[in-house]
Amino acid sequence: MKWDEFFVTGEPMIYAAMVSIVLVSVAIVAGLTYFKKWGYLWRNWLTTVDHKKIGVMYIIAALLMLFRGGVDALLMRAQTAVPENGLLDGQHYNEIFTTHGIIMILFMAMPFIIGLMNVVIPLQIGARDVAFPRLNAVSFWLFFFGAMLLNLSFVIGGSPDAGWSAYFPLASTEFSPTVGNNYYSLSLQIAGIGTLMTGINFLVTILKMRAPGMTLMKMPMFTWSILITSVIIIFAFPVLTVALALMMLDRQFGTQFFAMQNGGMDMLWANLFWVWGHPEVYIVILPAFGIYSEIIATFARKNLYGYKSMVISMVAISMLSFLVWVHHFYTMGHGVMVNSVFSITTMAIAIPTGVKIFNWLFTLRKGKITFSTPMLYALAFIPIFTIGGVTGVMLAMASADYQYHNTMFLVAHFHYVLIPGTVFAVIAGYHYWFPKVFGFRLNEKLGKWAFWFIAISFNVTFFPLFILGLNGMTRRMYTYSESTGFGPLNMLSMVGAVGLTIGFLLLVYNIYWSTRYAKRDTTGDPWDGRSLEWSTPSPVPEYNFAKTPVVTKLDAFWFSKKENTPLTDDGDYEPIHMPNNNGQPFIMGVAFFFFGFFMVFSWWIPAIIAGLVVLGTMAYRTFEQDHGHHISVEEIERTEKALRGEQS
Amino acid sequence: MKIDHAKPLEYSTEENRLKILGFWVFLGAEIVLFSTLFAVYFTLVNRTGNGPAGSHIFELTPVMVETIVLLSSSFTIGLGIHAMRIGAKKAMMTFFGITLVLGAVFLGVEITEFVTYVHEGATIQTSAFLSSLFTLLGTHGAHVTFGLLWGSAILFQVKKRGLTPETANKSFIFSLYWHFLDVVWIFIFSFVYLKGMM
Amino acid sequence: MKAKWFLLSIFFTLSLILSGCDNSLLVFDPKGPQAKTLSDTIIFSIIMMAGILLVVYILFTFMLVKYRASKMDDSYEPPHEEGSKWLEITWTIIPIIIVIVLSVVTVRTTSEVESKPVAYANDKPLVIYASSSNWKWHFSYPEEGIETVNYVNIPEDRPVEFRLYSFGPITSFWIPQLAGQKYAMSDMVTKINLAAEIPGSYIGKNSNFNGKDFAHMEFETQVMTEKDYEKWVEEVKETAPALTESEFDELIEPSVLGRKTYSSTHLEFSPAPEGEHAGHHHGNSDEETDSSHHMDMDMDMEDHK
Amino acid sequence: MKQLFPVPHVIGFVSSLLLSLIALVVVKFDLTFASGMTILGVTALVQAGLQLFLFMHVNENEDKRSLMTNIAYALFVGLVTIFGTLFAMLWGYNMI
C-alpha cells in the first residue's frame, strides 16, 4: 500500500485537520509533561472506576463529538446554501453527511445520555456506585476508542461514504471500495459492545441497588426512563452486533449475505439495520423524557402529574419500539398488508407519547413556574417536539410516505424530534446537574442567551426543510440547479445553522466563564430539588452517601425538606467499601482500538496479535484478586465536615 | 465483604448476586443475538445461488454425535454445580474437566464437519445460504471455544484457591453459559439440521 | 414572554404556508389520480395534526401565562396532585380514535395507490421497465420495442405500469407529480401504477442515495396526447439505432449521461430480474424450486401477452 | 457416589436424549411440513425448558421475577425479529 492511499490527500481542509490534530496532540503531551500531570491523569481519570468521573468523561467526549458533527453539519448547510455550489465535491459531501449521522447519533447523543445517567442514576437511587464499576470503565473506554477509530478515518484511509444507514449494495466493496465502511463496521462494533455492557450494568444497578424503601413505583422518573432505556439497549444492540458482523464478513471475507450474486439479499441489511435502528431512536429519546420530567417537576415546584400513566406509557413505548422498523422502508415494494400493519403499529406509538405530553402540561398547571435555563429548554421542548411528533404520524401513513420518503421533509422531521427531544434534553440536564458535579452553577444569563440562540435558530434551520421536502428536494443531494427553486429556503436554513453555531459556542464560553467567576454553591441543593441526588453535598464525595438514605415515598428528598424528617437513620457512620482503580479497562480499550485499526486494513497478523492482547486483558481480569478498599469512619467524618461545614 | 452463609456459596455475597443477575441479563441479549442469526438463516435458507442446498450436504451421523456430546456435557456441568454445592471439590473438578473434554470433542467434530463441507465445495463464500449457515454455526462454535478457555481458567482457579465465594460464583456463572450454549444447539439441531433434512 | 409569541408565530407561518402556497409545491400539485390521492391524504393528515398542535399550543400558552412564579404570591405553594383518572383516560382515548381514523385512511389509500388507478380499471396498462444504473435511468418499452435513457414519454389518460429494477445500488423511482416513489433493486422487480391526465413535462428523480453523482440522477417525464405519443414511437422506430449488447454494457458503466434513444430494448439480451430470472431462483438446485420455475415462466408469459 | 448423581438431573438428561431421538422422526418419516415443524418446535421448547429449570436453576434465584421478565422480553424481541423479518422480507412479497 502506498502512502497516498493510506493517508487521505487532496483536500486543503483535510490537510488543515491533519496539522491541527498533530499540533493539538503535541500540545497535550507537552502540557502534561510540563505541568507534571501524567500521574494525575492516569490515577484520577484513565484508571478510574468512579461513576461520576466516568460520566464526566462521557460528557466531555460527547461535547467534542458535538463539535465534530456540528462542523460537518455546517459544511453541509454551507454547500447547499446556494445552487451549484463548489465548496465541496460530491465525494467529500457524501463522507460528511455519513459521518455527521454516525457521530451525532452514536458518538454524541448516546454517550451524552450515558454520561448523564452515569453521573445521576446511582445518586438518584441512593447507591454507592453502579453494580459493576469495572465493567463501567470498560464500557467507557470501548465507546471512546470506537469513536476515535471512526474519527481517524477522516485522515487515514477515508471516511465511510454510504450514508449512516450504509445500505447495501452501495456499501459493498464493489460500490464503496475504500476502507471507509470497514471503519464503519468495526468502530460501531467496538463502541456497540461497550453500550451493551452499559445497558446490562444500569439495569442491574437499578433493579438491585436502590435505597431501602424505594420500590419501583417510588423511583424518580429519570431512573425509570433509564431502566426502560437499558432494557431497549440490551435487546436491540445484539441485532446491530450481528448486522455489523455480517457487513464485515461481506466486505472483508467474501461472504454473500447482501451481495447480488449467489443469492444474497440487499434488503436484508436494511431490515437488520432498522430492527436495531428504530429502538435506537427510543434509546436516545426516552432518557430525554426522563430528564424533562425531573426538570419540569422541579421548576414548577409540583410533583409529576400522572406518574403511573407516565410509567405505563414508557413501558408501552419500549415494547412498540420493536414492532415498527419496517416504516423506514415502506417503499421497498412489499405489499399493502405489510405496510398497513407497520403503519398502524407506528401510529400507535403516538398514543403513549401524547399521554406524556399532556401529563407534562398538567404538571405545569397550578404550579409555580420559574424560568431557569434548564426549564427553558424543557418548556421549548413541548411545542417544538410536538411538531416533530405530528409530522412523525404523517410519515407513518404508508401511502403518504411514498411522497415524503428520502426527502428533506423526513430530514426536517427527525431533526424536529432529535434536537428538541435529545439535544435540548441533554443540554438541559447538563445545566441542571452541573452544580451537583462541580459545585457551582453555570451562569444563567449566558445560559439564557445560548438558549434563545439555539431555540430560534433551530427552527430557522429546520422548518424550511419541511417545505423543501414537499417541493421534491431529496436528502443527500450535494448540489441542485437553480431552476429547482430550492435556493432561497436553503439559504435561510444556512442562516439558522450559523445561529445554532453561535448558540453552542456561547454554551462552551459559559463553562469557561462560570468556572472562573461563578459563585460556589454550598448547599448541595441549588434548585430546591426533589430527588435523592440533591441530598448529598456538591461536589459529591467519592462514596456518594455517608449513610444510605431510607425512602418512604416518591420525591423523598422534597418531603424530607417539607416535613423536616431525616432521610437516614440516627446510627453512626460505618466504613464504606469501594472498588479500586485499575488500568485494565483502559489498556483493553487501547488493544481494541489497534485490533479495529488493523482489521480495517485487513492486516491480519497485527490484528491477531492485538486480538490476543484483548484476550490477555480478559484473562488478567479473571485471575486478578481485587477486593477493593474501605473508607474509614474518620475519613468520612472529615469529608462530611469539610463539605457540610459552612451549613451548620 | 459480608458473606451470607444461609445461601449457597455462589450467592453468598451482594457482589455475587449482582453478577449472577447481570449474567442472566447478558444471556437475554445472547438470545436476541442468536435469534437475529436465525432470522438471517431462515431468510436466506432457500437462496442457494450456485451452491448446494442444505439437504445435499447435511449428514445425520456427525450431527447426532455433536448433539449427544453437547447434551452430555450440559449434564456433567450440572452435576459439577451440584457437587460444588455439597462441597465436593474434587468431584466438582472432575465433572468440570469432563465437560471441557466433551466440549473439545464437540468442537473437533464440528471442525471435521466444516472441512467436509469445504471439500464438497460448500464454503462460506459460495452462496448466501452457506454464508448464513457457517455464520450461525460458527458463532455458536466460537462461543464454545471461548467457553473452553474460560472454563479452563476457572478450573485452574478452583484448584489453586479452593471453593471460595468468588470461585463458586464464577463456576456457577460459567455453568449458566454452558447450559445456554446447549439450548442454542438444540435449536440449531432442530431448525437447521433436522428441518434441512426433512 | 418571548417564547409564546415566537411559538405562536411559528404556528401561524405553518398554517399560512400550508393553506397559501400549496399550489406551488410539487407534492401538492398532482397531475394524475395516484398523486392526487396522496396529495389529498397528506392535506387531510395535516389538518388533523394542526388540530392536535392547536390543542397543545393553547394549553401550553395557558399554563405558561397563568402559572408563572412572577405572577404568584410568595407564599403560594403548589398542591400535590397524583393525576386524574378521567383526564388521563380522555387523552388516551382521543388519540386512539385519531389513530384509528388515520389507520383506515392509510390502509385505503395505500391499496389504492398500489393498484391500477380506479378510473382506468378496464384499460390495458402500458408497461415500461425503468431500470437504474449509476447514475442514470433506462426506460424500456417491451411492447413498442424501444428504449430511452434519462427521459420517458407516456401517453395521457392511459394507465402506465412502471416495473423497476436496478443494475447496482438501491435507487428510488419518483415522479412527485404523478405518483409516490418506490425502490428499484437488483434482484427483483417492483411496480408503480400511475396515470397522467394533463400533458406536460414533469421532473422525475432517484431519491435514494446511490453514490457520487446521485444529485444528478434526474429524468424528464413528458406526458403527451395519445396521438403525439404514437407519432413519437413511430419516429423512434424509424430513426433511432438499435441497442446492441456491447453498447448497453458501456451504458451501464458508472457515468452521468444525457438523453439517448434506441429502437430495441436491452430486455432481449439482459432480461429483468422477474420470473425465472429473479434473484430468488438463480440456478437453484433444489427440486422443489425447479417446479416453481415452470410456474413462474408460465406467469411470465402471461404477463407478456 | 450416589449423592453426586441426583435423580432430577439424571431424569433430565435421559429425557433430553429421548427428546432428541423423538425429533429424529421428522427425518426418518415422510411428514408434512406443518406437522414436522410442530414436532421440532415442541421437542426443542421442552428441552430448552428442561435446561432452564432443571440445570440453570432459574427458579431458585431471589430475583425470579426479574429473570423471567428478562427471558420473556428476550423471547419477545427474538421472535419479533425472526417472524417480522420473514414477514417483511419473504412473505410480504407474496401477498399485495
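Modeller: His57(D) is buried, at a relative accessible area of 15%; buried means under 20% relative accessible area, exposed over 50%, and partly exposed in between, with a 1.4 Å probe and protein chains only. The phi of His57(D) is near 55°, a positive value in a residue other than glycine. Most residues other than glycine have a negative phi, and most peptide bonds are trans. His57(D) sits in the loop between helix 3 (33–55) and helix 4 (64–89) of chain D. Helices here are DSSP runs of H or I with at least four residues, strands are runs of E with at least two, and both are numbered from the N terminus.

A word on the basis: this is a predicted model, in which local features need pLDDT of at least 70 and side-chain atom pairs count only at pLDDT 80 or more, while totals for chains, interfaces and linings use all residues. Residues are numbered from 1 along each chain as its sequence is written, chains are lettered from A and ligands numbered from 1 in the order in which they are written, and side-chain values use heavy atoms, with hydrogens and water left out.

Now the chain around that loop. Chain D has four helices and zero strands, in the order α-α-α-α along the sequence. Its radius of gyration is 18 Å, well over the 12 Å that the globule rule gives for 96 residues, so chain D is more spread out than a compact globule. That radius is taken over C-alpha atoms, and the rule is 2.2 Å times the number of residues to the power 0.38. The C-alpha trace of chain D spans about 65 × 40 × 15 Å along its principal axes. Of the 96 residues of chain D, 46% count as buried. Among the contacts in chain D with a separation of 6 or more, 39% come from residues 24 or more positions apart, where contact means heavy atoms within 4.5 Å.

Another buried residue of chain D is Val26(D), at 1% relative accessibility. Val26(D) belongs to helix 2 (residues 25–28) of chain D. Leaving aside neighbours within four places in sequence, Val26(D) is in contact with Leu31(D), Gly36(D), Ile39(D) and Leu40(D), and also with Leu194(B) and Met198(B). From Val26(D) to Thr38(D) is 12 residues in sequence and 9.9 Å in space, C-alpha to C-alpha.

Glu84(A) lies in the loop between helix 4 (51–80) and helix 5 (90–124) of chain A. Whereas His57(D) is buried, Glu84(A) counts as exposed, at 53% relative accessibility.

Two peptide bonds also deserve a check. A cis peptide bond joins Phe168(A) and Pro169(A), with omega about 0°. Pro169(A) is placed in the loop between helix 6 (133–152) and helix 7 (180–208) of chain A. In chain C, the bond from Asn134(C) to Trp135(C) is cis, with omega near -5°. Trp135(C) is in the loop between strand 1 (126–133) and strand 2 (136–141) of chain C.
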